[in-house]
Amino acid sequence: MAEKPSIAIGQVMENRGVAPGHFLLTIRLPLSFATPIPGQFVMIRDPDRGEPLLPRPISVYGFQREKGHAILNLLCRIVGRGTSLFSRLNRGSTLTVLGPLGRGFTIDSDVRQLLLVAGGVGAAPLAFLLQEGSLLKPDSGKRQVTAYLGAGTAELLTGLNRFQDFCDLRTATDDGSCGYHGTVTEFLAVDLGEYDAKSTLILACGPGAMIRSLALLLRDTRIRCQVSLEERMACGVGACLGCAVAIKEGEGRTGYRRVCHDGPVFDIGEILWDPPV
Amino acid sequence: MEADKKTVVPGRLAVDICGLRLKNPVMTASGTFGYGEEYAPFCDLNRLGAIVVKGLSLEPRPGNPPPRIMETRCGMLNAVGLQNIGVRAFIAEKLPFLRQFNVTVIANIFGETIDEYRRVTEVLTRAAGVHAIEVNISCPNVKKGGVAFGAYPDAAAAVTKMVRGETDLPVIVKLTPNVTDITEIARAVEAAGADAVSLINTLTGMSVDIERRRPHLANVTGGLSGPAVKPVALRMVWQVVRSVKIPVIGIGGISTAADALEFLITGASAVQIGTANFIHPAATMEIIDGIEDYMIRHRIGCMKDLIGSLQTEGC
């Protein structure tokens, strides 16, 4: 069960580049900050700036508690004005951190094989899942964890150590510089037949095109799959209705769910694609 | 200052507006505070002057396809399209939560036809825990209804009259700034029986993704809100307070107590906080505290002495 979110003032302890266009923020928070569930996110904002106006949603990459405070790690990709400013924050800067927010991943007790599928910085919530570990503990018997990580090039594969240490890691790059030459979904397609549909669960996060191709790949299988979606948001708490994702409702109707509050994790089968997969 | 603190009279921030006694003049703007529960982890809802809930229609509405929002300099565009659960689900699922709090609840309503406004009002009037109705005749993001009523004095008056005739609850009419003369609409709804007007709704705007050469919003245009619109909103509030006798509720880019005070001094009897909730979920709490601090600092005993106290001699 998710704990209650709060607004906290965090202090940047470290901010370093980890790959071209990617940086890792380490933020010190008060102990009162609730422990995030893997797949949850935070909204961060520089309180000293009026611009950009809105906080930015970032997935939790790491969270620990130590002597008197909590430590939050955020793995970010520079996509626009907000993340660009965050990438230049110095040690000691303050940040407003709202969270943890949203609905994270859930793993049913009958899952024996877990496949983590990520594209680029989408590795972040899955790396947190590995670090946090609580969701991975099988209720009975043994649970296999295999990760498929994809990126444009070898240097854009992020969070590799975390995956190497905790699971069987398979990589794919668009340019073939590391692992399988192609997209991560193409790589998964090659292996998919090896997994038992009934006891396998896929947890995925990545760009829209990757999620879409995954939906296409899994369309005619019975493999369960949860995906963490990304969408522009204003509030992060379910009020602005800005981060709508189209989902299938009864009688072929379209409904919208809030990525921030009803997600960001959804069953891939719920999502309505335009054009359809 | 400590001595001053002790002279704070309970209810110093209270305002009386169209028959409602509010603890303070700070309300939440419709569509920016959900149904209250979304912000309960961050705000003491009991402290709010009023909660104006997300716009309600007779039947649930799915809203517009995404992308629905885009941040702009000092503001944001939205084209949500009045997605809502419908008035009956609001009463069954959301109102019981709000009834736990000692807070004034204002239901914002929307209809595609004048009769739909009437029917939504009818349903809400029977519900326990709704204290006033805010009539949205100013949404820029829907094809039917909304601004189609708000942009024309006759149509605005017709909707107001219909709602007025259907309920004993106070009726607030929310006005659009996307008109040539907002005072004309304000006077028309006043004459039709509105108890108050609230303004402004969002300003129609647009933003283009130059890489893809496409609009950022699926709806192409959206409503601009946030700090960017505040001077426009304040000017319109200034115009309207001099044009009507009913109370005016100021809305538009209010992010701080200082912003709220500008509206109150200009003559707004209350204010609504919108986009600021998205930026800082406890914005309303800080604004209430900031207004109180200002009242103490300036030794103003009640809101009546502050509201409309703008000095313009020599301007």
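Visitor: Into which domains is chain A divided?

Guide: This is a predicted model, in which local features need pLDDT of at least 70, side-chain atom pairs count only at pLDDT 80 or more, and totals for chains, interfaces and linings use all residues. Residues are numbered from 1 along each chain as its sequence is written, while chains are lettered from A and ligands numbered from 1 in the order in which they are written. Chain A comprises domain 1 (6-101), domain 2 (113-228) and domain 3 (230-277), with bounds from an automatic or database domain assignment.

Visitor: How many residues does each side bring to the contact of domain 1 and domain 2 of chain A?

Guide: The C-alpha centres of these two domains of chain A are 24 Å apart. Domain 1 of chain A contributes 13 residues and domain 2 of chain A 15, contact meaning C-beta atoms, placed from the backbone, within 7 Å. On the domain 1 side, strands E1 (6-19) and E6 (69-77) of chain A each supply at least two residues (strands are DSSP runs of at least two residues, helices, H or I, of at least four, numbered from the N terminus). E6(A) gives the largest share, three residues.

Visitor: How are two packed helices described?

Guide: One states the angle between their axes and the distance between the axes. In chain B, the axes of H8 (257-266) and H10 (283-297) come within 8 Å and cross at roughly 65 degrees; axes are lines fitted to C-alpha atoms over the stretch in contact, with angles from 0 to 180 degrees between N-to-C directions.

Visitor: Which residues of H8(B) make the contact?

Guide: They are B:Ala257, B:Ala260 and B:Leu261, which meet residues of H10(B) including B:Gly290 and B:Tyr294.

Conventions:
Contact = placed C-beta atoms within 7 Å.
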